[in-house]
Amino acid sequence: MQYQIAESINAEVNRSVTYKTDLEQYGKLEFWEPAGEYGDCEDYALLKRSRLADAGIPLTEMLLATCYMPDGQGHMVLLVNTDQGWFALDNNYNWPMIPSQLPYQWDRCLRGGQWVKLSF
């Protein structure tokens, strides 16, 4: 059930939000805010986290994770622990992805208020 909820919310958020950088939207390099009509990768992740929490998935089962895309650009996704295991909810994919199968170099995740090193 949790996987189906995550899959639905990931696709819904990806469809409803148009990518726009924080600089374009707020005039700042970084500004963390759950996505509205527009957002960048962390804004998508924050909105997904909020919607999943509203659907009953505990915040302790979700991690904001930073990584680097193949071109070296920094990126953020939401990692969620479902009844089918851990998946990445990413604005670049409309379905949950197994983190180790993504072409990213993983960096850190936010766990318990601290950034900790990630590896898959």
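## Largest pocket

The largest pocket holds about 270 Å³ of space. A pocket here is an open set of points on a 1 Å grid over the protein atoms alone, where a 1.4 Å probe fits, with protein on both sides within 12 Å along at least five of seven lines. The volume is the space filled by probe spheres set on the points. This is a predicted model: local features need pLDDT of at least 70, side-chain atom pairs count only at pLDDT 80 or more, and totals for chains, interfaces and linings use all residues. Residues are numbered from 1 along each chain as its sequence is written, and side-chain values use heavy atoms, with hydrogens and water left out.

Helix H2 (22–26), helix H3 (41–54), strand E3 (62–68) and strand E4 (74–82) each supply at least two lining residues. Helices (H or I, at least four residues) and strands (E, at least two) are DSSP runs, numbered from the N terminus.

## Nonpolar cores

The largest nonpolar core has 18 residues. Such a core is a set of buried Ala, Val, Leu, Ile, Met, Phe, Trp, Tyr and Cys residues joined through side-chain atoms within 4.5 Å. Buried means under 20% relative accessible area, exposed over 50%, and partly exposed in between (1.4 Å probe, protein chains only). Leu-52, Leu-78 and Val-80 touch the most other members. Helix H1 (2–16), H3, E3 and E4 each supply at least two residues. H3 gives the largest share, six residues.

A second, separate core has 13 residues, including Leu-79, Leu-102, Trp-106 and Leu-118.

The 15 residues of H1 should span 21 Å at 1.5 Å a residue. The expected span is 1.5 Å times one less than the number of residues. The end C-alpha atoms of H1 are 21 Å apart, which agrees. Buried residues of H1 include Tyr-3, Ala-6 and Ile-9. The buried residues of H1 pack against H3, E4 and strand E5 (85–89).

Just after H3, Gly-56 takes a positive phi of about 105 degrees.

## Thr-18

Thr-18 is found in strand E1 (residues 18–19). Thr-18 is partly exposed, at 44% relative accessible area. Its C-alpha atom is 4.8 Å from that of Tyr-38, 20 residues apart along the chain. Beyond neighbours within four places in sequence, Thr-18 is in contact (heavy atoms within 4.5 Å) with Glu-37, Tyr-38, Gly-39 and Tyr-44.

Note on methods:
1 Å grid on protein atoms, 1.4 Å probe; cavity = no way out; pocket = protein on both sides within 12 Å on 5 of 7 lines; lining within 4 Å.
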